[in-house]
Amino acid sequence: TDSADSAGVEVDLCREKFPGDPRILATLARHFRRRAPDIVETHNFKSHFLYWLLRIIPGFGLGRPRWIAFHHGSTKTSWRVRLYQLLDSLTPPRADRVVTLCEPFVQQLVARGVRRERIDVISNAVALRNAPSYVDLDRLRSTWGLEERDRVLLFVGRLSEIGRAHV
């Protein structure tokens, strides 16, 4: 919250006492009623599920702000994440819009019941740069002890197991 405070951005904290704490719904509902947003943006299964619950459980009085659910893919990391992903099969079809990263994810979402016309693809952005000079490449090869025929691959991202069960 320090960065938000220094930028003059108000933050509403929602603290769970334990994973799956049902009191979080009342806290979230209180913040939503106070802020009265026109649009709600959720990222990943837990926030999707909590907001979906707020929309379907009578008595929270949130109105119907437009809901944009961001889908980032699925992983197999723990039993808790797998449970959230199972619950996530309920939520994206109910969002007003779903934003995902690539066409294969579009097909996964359609298979889960999201209507294609509600899905937008926004790929991760990469700033394009000029290719390195041959002098720079030769210097790197020399530093790393690489031969001309050796190839170097740089990957920045999440490495995790993705299974068909999560499609």
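A: Leaving aside residues up to four places away in sequence, His48 touches Thr42, His43, Trp67, Ala69, Phe70, Asp88 and Thr91 (contact: heavy atoms within 4.5 Å). The model is predicted, so local features need pLDDT of at least 70 and side-chain atom pairs count only at pLDDT 80 or more, while totals for chains, interfaces and linings use all residues. Residues are numbered from 1 along each chain as its sequence is written, and side-chain values use heavy atoms, without hydrogens and water.

His48 lies in helix 3, which spans residues 44-56 (a DSSP run of H or I, at least four residues; strands are E, at least two). With a relative accessible area of 2%, His48 is buried (under 20%, 1.4 Å probe, protein chains only).

The largest pocket has a volume of about 330 Å³ (an open set of 1 Å grid points where a 1.4 Å probe fits, with protein on both sides within 12 Å along at least five of seven lines; lining residues have an atom within 4 Å of a point; the volume is the space filled by probe spheres set on the points). Its lining counts 15 residues, of which Cys14, Leu28, His31, Phe32 and Val40 are the closest to the centre. Helix 2 (23-35), strand 1 (39-43) and helix 3 each give two or more residues to this lining.

The second largest pocket has a volume of about 220 Å³. Among its 16 lining residues, Pro19, Gly20, Lys46, Phe49 and Tyr84 are the closest to the centre. Helix 2, helix 3 and helix 4 (79-88) each supply two or more lining residues here, and helix 4 gives the largest share, five residues.

Methods
Buried < 20%, exposed > 50% of the residue type's maximum accessible area, 1.4 Å probe, protein only.
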